[in-house]
Amino acid sequence: MAPVTSSRAANGVYNLPMPRTYDLHTHSTASDGTLSPSELVARAAARGIGSLALTDHDTTAGVDEARTAAAAHGIEVIAGVEVSVSWRHAVVHVVGLQIATDFAPMQAGFARLAEFRDWRAEEIGRRLAKAGIPGALEGAMRHAHGRIVSRTHFAHFLVEAGHAKDLRDVFKRFLVRDRPGYVPGQWASLEEAVGWICGAGGIAVVAHPARYPFTATKLRELLGEFRACGGVGLEVISGSHSAADSASMAAQARRMKLLASVGSDYHGPENPYLELGGLPALPADLTPVWALWTDAAHAVGS
Ligand code: AMP
Ligand code: MN
Ligand code: MN
Ligand code: MN
C-alpha cells in the first residue's frame, strides 16, 4: 500500500523511511475553506501529514502560497483543484491532482465558472431577499474575501444572521432544490473537467462518490463515462464517507479498475467532526493514486 518514502537530499529535506500520510482533498480561503493556504499547510504539518493536496473549488489561486508554506514546513503540497461538474441534472465534483496550474485552457474554464458563480451569487441574494432575508449577497461577500463565492459563504452568513443553527441546517432549509435561495445552473461538463485536468498533466479523481444521490447503476455509468474521458481515480476514503460507503466505493474501484484516493474534504476548524488527515487506510489491494506521482511535479516545496 503506502510506499516507503526515501530521503530527499536534493531538496535539503530528509524524510524518515516511514509510510507517508496523505490527505488529497482540502479547501482554503481561496474557495470556501476558512484557513488561509499557509494556515492549512501549517496545520497539516502539525498533524503529521506528509502529502497534502490543496483542492479548492474551481480555482488554483491558493496553490503558490501553499507551496511556499510547504517548503518551510518540509511537507509535500500537491497542486490540485475540485471542479464543479453538471452531469445528468446533478452536480458531481471531480478532483484534479498534480496539475500544472498555468495550463491556459483550464484557467479559461475556471474563469467561465467564476463568472457563473458571480451571477449566481447575485441571483441567490435576490431570491433570499424575496424570501424575507435581505443583505445576503453582501454578507456572503464578506466571508468570501473577494475570492470565488460559494454557497458555503451564504451559509456562514445565514448562520451568523440567525436564520439557521449551523451549516448542515442551512443546506437542509436553504440553497438547495425547492428551498429559498436555490439557483440551478450549468457547471463544466464531465468531458471538459477531465479534459482540463488531463491537459494540465494531472490525475482526475471522482470526489466523495458515495455522496451523490445515484443508484449503483447510475454511479457505474458516471464512472464509465469518466474513464472514457480519461479519468483514473476514485476517492474511496473521504471525510464524508461512512465505513460502509468506503467499502462499497472500494468495490467500485476494483470493478471499474480505478486508482484509489484519500481525502478529508477539510474546510476548516469550525467543523469539529472533521480533521485533516486521520483517515482510515486504503484497502491494501487497491492501487493508490500516488503510484502515478511524478517527481518533477511534486518535489517538496517546488
Ligand atoms: P457551491 O460549489 O458554491 O455550490 O457550494 C458547494 C459547497 O457547499 C460544498 O463544497 C460544501 O462545502 C458545501 N455544502 C454542501 N452541502 C453541505 C452540507 N450539507 N453541509 C455543509 N456544507 C455543505
Ligand atoms: Mn466546499
Ligand atoms: Mn465536493
Ligand atoms: Mn471538497
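Donors are N, O and S atoms within 2.8 Å of the metal, and water is not among the atoms, so sites may look incomplete. This is a predicted model.

**Manganese site**

The manganese ion (ligand 3) has three protein donor residues: E82, H93 and H208. They lie 2.1 to 2.2 Å from the ion. Along the chain, the donors follow the spacing E-x10-H-x114-H. The manganese ion (ligand 2) is 5.7 Å from the manganese ion (ligand 3).

E82 belongs to strand β3 (residues 76-87) and H93 to strand β4 (residues 90-97), so this pair ties together parts that are 11 residues apart in sequence. Both E82 and H93 are buried.

| Donor residue | Donor atom | Metal |
|---|---|---|
| E82 | OE | manganese ion (ligand 3) |
| H93 | ND1 | manganese ion (ligand 3) |
| H208 | NE2 | manganese ion (ligand 3) |

**Largest pocket**

The largest pocket has a volume of about 2,000 Å³. Its lining counts 50 residues. R151, T152, F171, V176 and R211 lie nearest the centre of the pocket.

Which elements each supply at least two residues of this lining? They are strands β3 and β4, together with α3 (104-130), α5 (151-160) and α6 (167-173).

Two domains take part: domain 1 (20-111 + 189-301) and domain 2 (115-175) each give the lining at least three residues.

Definitions and conventions
Residues numbered from 1 in each chain as written. Chains lettered and ligands numbered in written order. Predicted model: local features only at pLDDT ≥ 70, side-chain atom pairs only at ≥ 80, totals over all residues. Heavy atoms only, no water. Donors = N, O, S within 2.8 Å, 3.2 Å for Na, K, Ca; no water. Helix = DSSP H or I, 4+ residues; strand = E, 2+ residues; numbered from the N terminus. Buried < 20%, exposed > 50% of the residue type's maximum accessible area, 1.4 Å probe, protein only. 1 Å grid on protein atoms, 1.4 Å probe; cavity = no way out; pocket = protein on both sides within 12 Å on 5 of 7 lines; lining within 4 Å. Points joined across faces, edges and corners; volume = space filled by probe spheres on them. Domains from an automatic or database assignment.
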